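Trainee: I'd like a close look at a single part of this model. Could you walk me through it?

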Amino acid sequence: MRKNHHIIQSIRKNCIFGLFFCLIVLLMASCDLFNRDEKFDKTLLSGYWVKGTLHEFYNANGTGYTWDTADDVTEEEAQPFTWTLEKATLTQIHQMEMGGNVPKTYTVTKLNTTSLEYHDDYGKYYSFVKDK
Amino acid sequence: MTPQRLIILLICKKLKPIDFRYLNLQSRQTAEVKEADLTVKGTYENGLLNGKADLDAKSLVFVMVDSTVLHFSGDNVQATYDGSFTDFNLIDGNLEADMQNTVLRLDTTHYLNGMDLSVSSDLQVDLAARDFQLEKTQLILDKQELEVNGSFQVDTTNSDIHTDLHYKTGDWIIEEVLPMIPRALIGNKLDDIQIDGHIALEGDVKGTFSETQTPKVTSDIAWHNGRFAMKDLPLDFEKADGLFDLNLDLDNQSNVTIRSLSATTRKRNLVTATGTVKNLLGNMLLDIFATGKLYITDFADFLPEDFTQYDGKANIQAKTQLSYDPETTFSIDKNIIKAIIDGQFTDLELLYDDTMLVYSPDLHVDLTFPVTEKPYKINEWLNAKVKTSDLLIRNTRSHTRKEIRGSTIQLDAYTNNLLDSTIELKFATTYQLNQLNIWADTISAQFFQPQGVLNNTNQMRLDYNGNDVRVYVGNSWQSTCSSMGDLIDFTTDKISLNAEIDYKDNEEHPLLQWSPVVKLQATNAKAEIRDLEHAVEVPTLNLDFNTQKCVLKKANLKFGQSDVNLTGTITGIEPYLRSNGLLKGNLELVANYLNLNELIAFVNGFGAPDSLVEQAEQIAAETGDSPFLVPFGIDVNMNTTIKKALYEETEFRNIDGRVYVKDGVLVLEEMGLTNDAARMQLTAMYRTPRMNHLFLGFDFHLLDIKIDKLIAMIPEVDTLLPMLKAFSGNAEFHFAAETYLKSNYDIKYSTLRGAAAINGHDLVVLDNDTYKKIAKKLMFSKKTENKIDSLSTEITIYKNEIDVYPFLLSIDKYSAIISGRHNLDLTYDYNISLVKPIRIGLDIIGLEDRLKFKVGKAKYATLFVPEKRKVVESNVLELKTLINKTLQENVR
């Protein structure tokens, strides 16, 4: 009896674990099911964008530069990057004078003629307005 | 009865004035005495007329006509003859005679012309032979006394007069005597000469006086209290006293020997002379030894007009051979055959162009002209040997001190023809000084025992050897007690300099104006520079310099603890001086020890543009910040081999690599370094575009470094990868980062960019609290061996975000992928994805000291499983590859 009780307990645990596992798999799958892969018009990105003292400029040819006047940096002293926008993924690759690249990947959530919003995977949000 | 036997006693008294006329056709002589009052007393026997005759006559004329006409006449003649007259031919007696308006003329040449004549003579005359013997003869011509003894004889065949006379004058007054000298004797030779004073002559007149000959006249002349002036001679002489020997030979050469002569010129200047003057009446040849005690101010007209002030005394001794022809203009170049002039100047003071003062208390000049030795092949014309105990040259118009002062100076100088304006002036001189001091504005220099050669044979050339040189830059000259310059104090022991200088007036920069070509060797040089803690010592310096390039053959420099040897070439000097190009250098630096902190201080701000200097001063005043300014205007490439170097507090060893500085940019390129922790390669760049925007970038590659040493050496690594301190072992660390800095070196985080890669092998995970928490959450077995085969991760820095890209970590039977971010504010957001033996995630979130551990999803479960890799994971891997690849490109 006692041995059967153990077997029953073991089967029950396995079933619960199996159900739990299935639930997790379903939950994980559901995330992908609801994943919206929005597509933005990269031509809207060209131009000056400003967020407080932070400035970004995007050229249509995939280059750009950024500067922050809070640190007493002028546009002439801005640092360069290259950028790509694939669907909602904005990738900036900041080029160092010393050689070496610093890639930064963001998810764009809003891009129109006046607004640009993106965030990274660590919950850092940026909201720019077009600076004409 | 013949006349010879006749004895007549003559006693004639007071004959009535009668006229006598004597005519001798044979000898073609006539004599006429008019209104003679003759008293004769004597005897006549056998043709011998003996007695005394006193004659008063209104006039007397004697004429002898031959090839020449001799005319002698006088008025108011009073004559007494006491003697004999034999056969009406021989006269032997004493004659005392006075007459007025005496004329002695040979043909048309007057030798006496209307003078009062007084004659006293013991004479013998053979009228037939025309032979005159004179003894104790004294002539007084217009008060000028002349004693004459001897003979003269008129040749009966051709009327030549043969003379053998000795004469002696009284104390003649020259200005009274000169008009008496027959012009036939001296022509117009004395026309350009003014001479007076007292003169006494004694000598002989010997020789024949004819149409073709004149007798030789010798004379010992004593001249005193005289005055002398001559056309073309710019000096007049007064108070002259002299003794001369004159040999006047009109047919050949007349000479004068100056036994002694002293005179004053321009009132107070005493001159003396001895020597000879040959060919006195022609193109004279003078060999004179002259001395002069002169006051410079009296000879201003001898100085160039550019000298506007002058003073001093000169003691001159001159031995001169020169020619002089009154018919031609005197020229030093043509007329002076040889001159050796020894001049001793005291308190000499000359002011040139109202600007440059030259002063010497005692200047000794030996001039030799022309020169026989020609050591410099410049057509040497004049040699000047100069000695002085002290020479000062000062710019009197400068508001700051500009002067040169030398002591115990010796020069041996040669020039080419100074008087030939058609050729370029060439000179060469050796020089030797005990000390030379130079002040120019705020620069002062002292040179001890300098010697060498200065010449401009081709270009201005200076050969210099000295024992000790001191240069001060600053205001040292204003100090009365200190010789220390307040900017730069430079000294050296021995110095050898060979320099050529080609002066170009159209250049502005002094170096380009003088365009020096220099070979310099110095030992034990030392420079103390304001604001530098340590002096710069140069035990050995050997360089060749011109305005095109400077070749550092050897330069051993010591400053502070640093000891370096520099060799190489510096070019682009001329464009740099013209401010239109960079000073370029290609150097080799070998050092036993280099304190980079001192070096940085040494070169800080060199050549910085004015705008940047103004910024620096303003920021320093406002904040006290004084960041390092990379030198501007230079492009120096330096290969370095350094045994030990100190930067901040860290000591590096065996450093090899290139350093270059280009117009405000400092680059350390592929510097290989070794210290206790690792072998390293560093490429770094620092530039200073403006004072509050300084760029610093570096690429640091450390091989085989102990992790704990790495963190100790670069504490910032702990900030980049905090989990690294949980490991022990060796790793390879590659870190590139750059940022702009504020003037106080604070990082401008908005500009911070960085990328790093860490590869570790055979690491041990330290058993600390964090590890225990992670192990517990991920259900690690207690028997887990905490060794890691390998670790490879990429890290980026962007502003204040440090992203750790996913990397696989295998500990015992467990494999996990770690990724995440932490910020410089020490907040963490990490995920550990356990992928073996089960997939489970652990999020680590929060502040460093209050981390929260939360079991969750394995974020990168399939990252390292290619067939199951997701798009996002592929992108992440591509970025990892990009980071690694671009880092690797910096490694050579």
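Trainee: Why does F448(B) count as partly exposed?

Mentor: Happy to take you there! This is a predicted model, where local features need pLDDT of at least 70 and side-chain atom pairs count only at pLDDT 80 or more, while totals for chains, interfaces and linings use all residues. Residues are numbered from 1 along each chain as its sequence is written, and chains are lettered from A and ligands numbered from 1 in the order in which they are written.

F448(B) counts as partly exposed because 18 C-beta neighbours lie inside 10 Å; the label falls between buried (20 or more other C-beta atoms within 10 Å, placed from the backbone) and exposed (12 or fewer). The residue belongs to strand β25 (residues 443–448) of chain B, a strand being a DSSP run of E with at least two residues, numbered from the N terminus.

Beyond its neighbours within four places in sequence, F448(B) is in contact with Q435(B), G466(B), N467(B) and D468(B), contact meaning C-beta atoms, placed from the backbone, within 7 Å. Take G466(B): it sits 18 residues from F448(B) along the chain, yet the two C-alpha atoms are separated by 6.0 Å.

For comparison, turn to helix α7 (residues 610–623) of chain B; a helix here is a DSSP run of H or I with at least four residues. Of the 14 residues in α7(B), one is buried, leaving the helix hardly covered. Just after α7(B) comes G624(B), with a positive phi of about 80 degrees.

Finally, chain B also meets chain A: 28 residues of chain B are in contact with 18 residues of chain A. On chain B's side, α11(B) gives the most, with five residues.

Methods
Contact = placed C-beta atoms within 7 Å.
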